[in-house]
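Dear colleague,

I am passing a structure on to you, together with some notes on what was found in it. Please keep it open beside this message as you read.

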Amino acid sequence: MSDEALEIGRRLFAASCRFFHAAQRPDDLPARQAPEIAFAGRSNVGKSSLLNALTGQKALARTSKEPGRTQQLNFFALGPDAEGRKLVLVDMPGYGFARVSASLLKQWSALIRRYLRGRADLVRVLVLIDARHGPKPNDRELFDLLDEAALSWQAVLTKCDALQPADLEKRRAELAAEIAKHPAGHPEIHLTSAETGAGIAELRAALAGLAAFG
Ligand SMILES: Nc1nc2c(ncn2[C@@H]2O[C@H](COP(=O)(O)OP(=O)(O)OP(=O)(O)O)[C@@H](O)[C@H]2O)c(=O)[nH]1
Ligand SMILES: [Mg+2]
């Protein structure tokens, strides 16, 4: 990744980021304003924490030790930066929390499925996966759902601070081999820690590459 790309990412994510909408129902989605990046993944994987680490705002999205903290689609407007780049970041509720059913499709609400299937501005879904555990069956259901919807998605390993480098590399390689079989899965996997800041600058740069000039 070039220094220039890192600098563009740094500048975009240093721009203002503000919460502007919480969607609770499918007919409650906000008007489009910039390319959207959705943060998806199991409850407690670190979606809200990653959003805060990216924007450098500790309390932008609410985080919690208890799974199930985020219960609606929360929309955040990032930018414009000095050159006019803009993005919308969408913090999603987690899945896999209720133990009743293993099925992602049953658990995850109609709101989310509707959002993922019908949102023209959604340019990338980040599927966050806990580096300690790797993908679970409901993550794999999401991979399939995103493939079917032809939505470009990309895996982000979270909590990488909790692994030794060799174990982390093994996890990354296994996941990369799995994603290679998915038509809509982006080959690059981001290794991140909201705790130490590892991989955050690189992810900022990658996302800045998806921004539009508004
Ligand atoms: N060690 C470590 N812990 C983390 C990291 N990121 C998040 N956590 C912890 O994981 C827990 C869940 O974080 P959240 O960001 O609230 O997770 P979430 O995915 O938004 O959860 P839901 O909104 O419930 O779906 C919190 O206790 C965080 O402190 C990380 O990079 N490293
Ligand atoms: Mg959350």
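Helices (H or I, at least four residues) and strands (E, at least two) are taken here as DSSP runs, numbered from the N terminus. The model is a predicted one, in which local features need pLDDT of at least 70 and side-chain atom pairs count only at pLDDT 80 or more, while totals for chains, interfaces and linings use all residues. Residues are numbered from 1 along each chain as its sequence is written, chains are lettered from A and ligands numbered from 1 in the order in which they are written, and side-chain values use heavy atoms, with hydrogens and water left out.

Asp147 belongs to helix H5, which covers residues 137-148. Asp147 is buried and yet has no salt bridge, since the nearest side chain of opposite charge, that of Arg140, is 11 Å away. Here buried means under 20% relative accessible area, exposed over 50%, and partly exposed in between (1.4 Å probe, protein chains only); a salt bridge is a side-chain nitrogen of Lys or Arg within 4 Å of a carboxyl oxygen of Asp or Glu; and for charge, Lys and Arg count as positive and Asp and Glu as negative, with His and the chain ends not counted. Leaving aside residues up to four places away in sequence, Asp147 is in contact (heavy atoms within 4.5 Å) with Trp153, His182, Pro183, Ala184 and Gly185.

Next come the pairs that do form. Side chains of opposite charge can pair when their charged atoms come close. By the rule above, the count comes to 13 salt bridges. One of them joins Arg119 to Glu36, with the closest N and O atoms 2.7 Å apart. Arg119 lies in the loop between helix H4 (110-117) and strand E5 (122-130), whereas Glu36 lies in strand E2 (residues 36-41), so the pair ties together parts that are 83 residues apart in sequence. Arg119 is buried, with a relative accessible area of 13%, and Glu36 is buried as well, at 1%.

Within helix H6 (residues 165-179), Glu174 and Lys170 are four residues apart, about one turn of the helix, and they form a salt bridge whose closest N and O atoms are 3.3 Å apart. Glu174 is partly exposed, with a relative accessible area of 42%, while Lys170 is exposed, at 54%. Arg171 also forms a salt bridge with Glu174, here with the closest N and O atoms 3.9 Å apart.

Finally, there is the packing of helices. Helix H2 (residues 47-55) packs against helix H7 (residues 200-208) at an angle of about 85°, with their axes 10 Å apart; axes are lines fitted to C-alpha atoms, for helices over the stretch in contact, and angles run from 0 to 180 degrees between N-to-C directions. H2 and H7 are therefore roughly perpendicular to each other, a term that covers 65 to 115 degrees, while angles under 35 count as roughly parallel, over 145 as roughly antiparallel and the rest as oblique. The contact is made by Leu50, Ala53 and Leu54 of H2 and by Ile200, Leu203, Arg204 and Leu207 of H7. H2 is mostly covered, as eight of its nine residues are buried.

With kind regards
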